[in-house]
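Dear colleague,

Please find the structure below.

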Amino acid sequence: MSIACDEVHWRLVELNIDHACGLASLLKVIGERLGIFDVPDVIDVMVYGDHESVRQALGSSVIVERSLVPGLFSRAVLIRSIPYASIEDLVVSVVINGDIPWYAALIKELIRNANVRNSLRWEWINEVLNRFNAVEIFNRIISQ
C-alpha cells in the first residue's frame with residue numbers, strides 16, 4: 001500500500017476530525033501477539049460523525065469505520081504517537097460496522113481469544129451497548 005495509518009492520521013488532524021486508526025491497522029501492530037494473523041491488507045480509520053465526508057476526503061484507498069460513541073480520540077491508545085482505537089471501542093462498534101464482513105469476523109475472533117476476552121473492560125462495553133440499545137444487535141452479530 002502506498003499510504004499508512006500515520007499518514008491518514010495527520011490528514012484527519014488537519015481536517016479536525018475525531019478519529020483513531022481502526023481494527024485492521026491495530027491488529028497489524030499487535031495481532032501477532034494475540035495470535036491473529038488473518039488481517040486484511042487495508043488501511044482503516046475509525047471516525048465518529050459524518051463518515052461519508054471522511055470517505056470523500058480520504059478516497060477509496062482507506063476503509064472508514066464508524067465509532068459508536070463520541071470522544072474516540074480521548075480513549076485511543078497511542079502507539080508511536082498515532083492514536084489507535086481501543087479494543088473496547090472496536091468491540092462495541094461492531095454493531096454499526098457489521099456490514100464490513102472482515103470487521104465482524106475479526107471482532108468475533110478477538111472475543112474468542114481468552115486473553116483478550118478476560119482483559120476487556122466489560123462494564124464499559126455493557127454500559128455503552130445498553131445506552132445505545134444495541135445489546136441485542138451485538139449478541140446477534142457475535143453469535144453468528
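In helix H2, Leu23, Ala24, Leu27 and Leu34 meet Trp102, Tyr103, Leu106, Ile107 and Leu110 of helix H7, where contact means heavy atoms within 4.5 Å. These residues comprise nine nonpolar, no polar and no charged.

This is a predicted model, in which local features need pLDDT of at least 70 and side-chain atom pairs count only at pLDDT 80 or more, while totals for chains, interfaces and linings use all residues. Residues are numbered from 1 along each chain as its sequence is written, and side-chain values use heavy atoms, with hydrogens and water left out.

H2 (residues 23-34) and H7 (residues 101-112) pack at about 30°, their axes being 12 Å apart. The two helices are therefore roughly parallel (angles under 35 degrees).

H7 also packs with helix H10 (residues 135-143), at an angle of about 85° and with the axes 9 Å apart. H7 and H10 are therefore roughly perpendicular (65 to 115 degrees). Ala104, Ile107, Lys108 and Ile111 of H7 form this contact with Phe138, Ile141 and Ile142 of H10. By class, there are six nonpolar, no polar and one charged residues.

The loop between strand E5 (82-84) and helix H5 (87-92) holds Ser86. Ser86 counts as buried because its relative accessibility is 5% (buried means under 20% relative accessible area, with a 1.4 Å probe and protein chains only). A polar atom of the Ser86 side chain lies 3.0 Å from the backbone nitrogen of Asp89. Apart from neighbours within four places in sequence, Ser86 is in contact with Arg75 and Val77.

Yours sincerely

Key:
Axes are lines fitted to C-alpha atoms, for helices over the stretch in contact, and angles run from 0 to 180 degrees between N-to-C directions. Helices (H or I, at least four residues) and strands (E, at least two) are DSSP runs, numbered from the N terminus. Angles under 35 degrees count as roughly parallel, over 145 as roughly antiparallel, 65 to 115 as roughly perpendicular and the rest as oblique. Ala, Val, Leu, Ile, Met, Phe, Trp, Tyr, Cys and Pro count as nonpolar, Asp, Glu, Lys and Arg as charged, and the others, Gly among them, as polar. Buried means under 20% relative accessible area, exposed over 50%, partly exposed in between (1.4 Å probe, protein chains only). A polar contact is a pair of N or O atoms within 3.5 Å; within protein, one must be able to donate a hydrogen and the other to accept it, and residues adjacent in sequence count only if both atoms are side-chain atoms.
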